[in-house]
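Work through the following exercises with the structure in view. Each task is followed by a solution in steps.

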Amino acid sequence: MSNRSKLFIPAAFFLVMLGLLFYGLGRDPSHVPSALVNRPLPEFSKPALFDENQNISSDQLRDGIFIVNVWATWCPPCHVEHPYLLEISKREKDVNFVGVNYKDDVKAAREFLEQRGNPFKFNLVDLDGRLGIDLGVAGAPETFIVDATGTIRYRHVGVIDNKVWAETFEPILAQIR
Amino acid sequence: MIPELGHFALILALCLASLQAVFPMVGAHSGNTLWMQLCRPLSAGVWVFMLLAFGCLAYSFLHDDFSVAYVARNSNTLLPVYYKFAAVWGAHEGSLLLWVLILATWGYAVSILSRDLPLDILARVMSVMALITVGFLIFMLGTSNPFERMLLNTPAEGADLNPLLQDFGLTVHPPMLYMGYVGFSVAFSFAIAALLTGRLDAAWARWTRPWTNAAWTFLTVGIALGSWWAYYELGWGGWWFWDPVENVSFMPWLVGTALIHSLAVTEKRGVFKSWTVLLAIAAFSLSLLGAFIVRSGVITSVHAFAVDPERGMVLLTLLLLIIGGSLFLYALRAPVVKGTATYGGYSRELFLLFNNIILVVSTATILLGTLFPLIHEAIYGEANKVSVGPPYFNTLFVPLMAVMAFFLGVSTFSRWKRTSLQHLWQNLGKLLTASVVLGIVIPLLVTAHFNPSAMLAMALALWIALGVVADIWQKTANKASRVDGLRSLSLSYYGMQLAHLGVAVLILGVCLTSHYSIEEDRRLAPNESLTIGDYEFVFKGVEERRGPNYIADSATIDVLKDGEFYLTMHPEKRRYLARGDVQTEADIQVGFFRDLFTALGDPRGEGAWVVRIHVKPFVFWIWLGAFLMAAGGITAILDRRYRTKRVRDEAAVPAVGLKTALE
């Protein structure tokens, strides 16, 4: 390579990077890698939704695979997601669904699940959003896959429907089962 | 009315900047003095109208004008006045306005402070800066107008400023950072002017150096403030997370550091010319890249602004034009500015080149790590997400910095052109022995543990610090008295040594904190205690406390040192009433040799809480080191030789040329 053409290396390098950034712009930004992926689920102890005197702690989420879903009645996409969660939780018997009711009205949340069905094995209340902060939640709904060792394996932002479940969740679950 | 005035001021600034981008540049090429001289009044005009626009937005914030969409989204009548003002740059549109205002300010500063610059160079520099201003003003007016109104459905109350931003450190942090980012546009414009004219001599380097130092100093302060904020506000006890947004501020800093050193070589020895130009382009390009990454949502981060693909597209086009254009120009014109002088083995040039390469490789490492999630996705598809964490960055960056620290010590003692190995050994042999021995002995004596990493860090820090002292000692040896000797040394020399001392202090701070911090997250019942080293922390319990706009769970922790009462600490968890957000308020007792850090976790029933207690030795030295570096930068700018008259500059140019020709 001649000395002259070597001088074009920075420009060429930049153009490649620009192409990458252009690709990045076209992506759906709701699929975000989380800083917590491959790290342990944060420690917590939160009151149960249906029994305020009882606490559910992170220690109880140890045996098996857990899907931690952060939801609220004030969040319209959560209403959209709910029937899918019901259906999936009935189908996937070996996965435990955990509902984190996030900054919500506890009474409304109870009524919501009683009337429309409860997909969750554990229901806990994150009234002050502290667990949300620890999980790095940006909004609701968000869903985390936690494996049998208590490690977060995936974070999903936005609604889970059958397509998302089949294309995103199932491959990851197949890996960790 | 006022928002429209601000909008109009932005449009006028765009018109004036467009004129400034064209006429001085054309004038410089055709030799039209009048057109070249237009750059001064025009840059003053751009600055005045940008200031006016900024003032109008600030006015709208201070008067709670929620008909302005941006104000409604980022302010609230209950917000304290100080934060109302800071909210001007609290989100994308306003911070972009601040960005362009700062760009105009740098431009105006160059036009009034560079009286000694030949007019045709000044004209070209100002035109390039105006071109950047034009690009960003079009971006702002087209996609992110901060003055957009919602006259039909004016909300009665604003949505409030993000509570994380309601903090002094974080309100000062963005302006400082932008001063640094945008400040590199000056060196960038000088580089473009040099490529266009083919004139790149000692005088050029001398004009560019103080501007580069100034931008670098602001960036140093900005990054340090951000890291300090993370340390005391996030409640995790960490001070650097290798978060994408931190990385994009760190990359221009590293390249800027390389540029400062490369400029020194270009000025003194007339070599590394095309390398210097490339670094000047790279430093500003990385600043622009940072602006893009933060504002386009390409990479997710806690600090990022709202995602908007359209904005991203326009910014990407700007990047293509500015960076792509300048790199293309570089490829075509770099041979014209090539240096002619030579340098031999073990010369200072060579060691500075080593350090430059290490800094650039470090930058490339961080760039790769920051963009890697994107690369991985592009290759393996969207289902495969990865995030690159601190393990990657620490594994690569720390050894690189260790090598750099070693060469830093050597290059201080090396001489221009050629240094004999014997000379180097005479100076460095004793220093090397002293720093290695002390580096091993001191940690052993203090901790009674053999920790190789901490010893290496200690040795490297001593190596730099002892080198600084020895060099000053040597340079003052031949004078009538030491005081005379100290007086005879230039401010830029002191600036350099101060900044290098800052590096030593920073290395000590970072390494000793990382290796010797003791961190405990423990469930503590009332009156239960936890002992860390000499300190015993007694958890007294938690009480509810009302603050001005929050309710807090406030803990009381008595600290005993060697069994005697030392102090009481009150870490809190606050719930802010307006938005219901919960924030951890750590209580930190800052000390010169160690910080005591306490933060409150979750309640565990019966008055017991999870309490986070850290004892962090030397963590203060991290910011002390950054402060010393910034102080070094300022000291170097104050050197008299940057303010000498043009007559002397012109005399100096042929002299260097002659010297070069003789070699």
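Axes are lines fitted to C-alpha atoms, for helices over the stretch in contact, and angles run from 0 to 180 degrees between N-to-C directions. Helices (H or I, at least four residues) and strands (E, at least two) are DSSP runs, numbered from the N terminus. The model is predicted: local features need pLDDT of at least 70, side-chain atom pairs count only at pLDDT 80 or more, and totals for chains, interfaces and linings use all residues. Residues are numbered from 1 along each chain as its sequence is written, and chains are lettered from A and ligands numbered from 1 in the order in which they are written.

**Exercise 1.** Describe the packing of α3(B) and α7(B).

Step 1. Helix α3 (residues 39–62) of chain B packs with helix α7 (residues 119–143) of chain B at about 30 degrees, and their axes are 10 Å apart.

Step 2. Angles under 35 degrees count as roughly parallel, over 145 as roughly antiparallel, 65 to 115 as roughly perpendicular and the rest as oblique. α3(B) and α7(B) are therefore roughly parallel to each other.

Step 3. Residues are in contact if their C-beta atoms, placed from the backbone, lie within 7 Å. From α3(B) come C39(B), S43(B) and V46(B), and from α7(B) come L122(B), A123(B), M126(B), S127(B) and T133(B).

Step 4. Ala, Val, Leu, Ile, Met, Phe, Trp, Tyr, Cys and Pro count as nonpolar, Asp, Glu, Lys and Arg as charged, and the others, Gly among them, as polar. The contact of α3(B) with α7(B) has five nonpolar, three polar and no charged residues.

**Exercise 2.** Describe the packing of α14(B) and α16(B).

Step 1. Helices α14 (residues 390–413) and α16 (residues 452–475) of chain B pack at an angle of about 15 degrees, with axes 9 Å apart. That makes α14(B) roughly parallel to α16(B).

Step 2. Among the residues in the contact are F406(B) of α14(B) and W463(B) of α16(B). By class, the contact of α14(B) with α16(B) holds nine nonpolar, three polar and one charged.

**Exercise 3.** Is F272(B) buried or exposed?

Step 1. F272(B) lies in the loop between α10 (244–269) and α11 (273–296) of chain B, and F272(B) has a positive phi of about 60 degrees although it is not a glycine.

Step 2. A residue is buried if 20 or more other C-beta atoms lie within 10 Å of its own, exposed if 12 or fewer, and partly exposed in between, with C-beta atoms placed from the backbone. F272(B) is buried because 24 other C-beta atoms lie within 10 Å.

Terms used. Contact = placed C-beta atoms within 7 Å.
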